[in-house]
Amino acid sequence: MGTDGFATWTRRFEDERERRAAQGDPDWERGAVLHRAVWAGIQRFQVGEDGDGANLVAKAEEAGDADYARAVRLFVAEEQNHARLLARLLAAGDRPALSGHWSDTVFVRLRRLLGLRTELLVLMIAEVVALRYYRALRDGTDDALTSEVAGRILADERRHVPFHCERLHHSLAELPAVTRRPVMVLWRLLLLAATVVVAADHGAGLRRLGVGRRRFAADVMASASEVAEAVQNPPPERKSVGEGKSVVF
């Protein structure tokens, strides 16, 4: 991101915070009407977005880069805003938010096993899956409120993935060269397993959004290839992923 490292990311997050404040919330009074299977998917993703991020923030602060730690705190705030937006969307459709879900519990426990590198690798699994899900939610329904909320979240996620890719590139560079590619191979296998679970669990909702299980899984893994390349060999102009092709962001 330039010669000033993660200070540029911090400014980008701060600029987005100001833009979001000026934009204000969607018009919740419009209400939302969706198939029950789509609502079920939104409920589960809302649980995944909810959390205080304290463990990630603590690890970021321990890394010793004040700009990076600041950027992580701003990232967590955006994730919390996603949870809030989804909760408001559920309320607009007279649907309750869930108190928890087993998939989120598994991810949280995995993220906390080791240090910052492991935390980010596991987090990136959820982020890459989320890219495809929110694109499907944005494009696959004629409900205006749902499309707006999904579009806002997707725009954030498409910034989050390159942000984490940059940190992971630095983190993997600390490992012996011979271990870096196997780490990313393992990451892709874990992502594939998670994607299969999500596709199976959300199959009915995905079909309602015009995305079959196989297509969803194939698109996620295509994005995974871009992510792995960005982590191992970041290009001069960083790219964003998740729209089916790479574009300068």
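Predicted model: local features only at pLDDT ≥ 70, side-chain atom pairs only at ≥ 80, totals over all residues.
D94 sits in the loop that runs between helix 4 (66-92) and helix 5 (102-111). Its backbone is worth a look too: phi of D94 is near 60°, a positive value in a residue that isn't glycine.

## T10, tucked into helix 1

For contrast, take a look at T10, which belongs to helix 1 (residues 7-23). T10 counts as buried because its relative accessibility is 7%, and the cut-off for buried is under 20%.

What does T10 touch? Setting aside neighbours within four places in sequence, T10 is in contact with D67, R70, A71 and L74. T10 and Y68 are 58 residues apart along the chain, yet their C-alpha atoms are separated by 7.4 Å.

## Helix 3 against helix 4

Y68 turns up again where helix 4 meets helix 3. The axes of helix 3 (residues 54-62) and helix 4 come within 8 Å and cross at roughly 170°. That angle is over 145 degrees, so helix 3 and helix 4 are roughly antiparallel to each other.

On the helix 3 side, the contact is made by L56, V57, A60 and E61; helix 4 brings Y68, A69, V72, R73, F75 and V76. Sorted by class, that makes eight nonpolar residues, two charged and no polar ones.

Helix 7 (residues 144-173) has 30 residues and spans 44 Å from its first C-alpha to its last, close to the expected 44 Å. Helix 7 is mostly covered, with 22 of its 30 residues buried.

Helix 8 (residues 177-201) has 25 residues and reaches 37 Å from first C-alpha to last, close to the 36 Å expected. Which residues of helix 8 are buried? They are M184, W187, L191, A194, T195, V198 and A199.

In soluble globular proteins, nonpolar side chains tend to be buried together. Here, the largest nonpolar core has 66 residues, and those with the most contacts inside it are I42, Y134, F163, W187, L191 and F216. Helix 6 gives the most, with 14 residues.

As for I42, leaving out residues up to four places away in sequence, it touches L34, L86, L89, L90, Y133 and L137.

Methods
Residues numbered from 1 in each chain as written. Heavy atoms only, no water. Helix = DSSP H or I, 4+ residues; strand = E, 2+ residues; numbered from the N terminus. Axes fitted to C-alpha atoms, helices over the stretch in contact; angles between N-to-C directions. Parallel < 35°, antiparallel > 145°, perpendicular 65-115°, else oblique. Contact = heavy atoms within 4.5 Å. Nonpolar A, V, L, I, M, F, W, Y, C, P; charged D, E, K, R; others polar. Expected span 1.5 Å × (residues − 1). Buried < 20%, exposed > 50% of the residue type's maximum accessible area, 1.4 Å probe, protein only. Core = buried A, V, L, I, M, F, W, Y, C linked by side-chain atoms within 4.5 Å.
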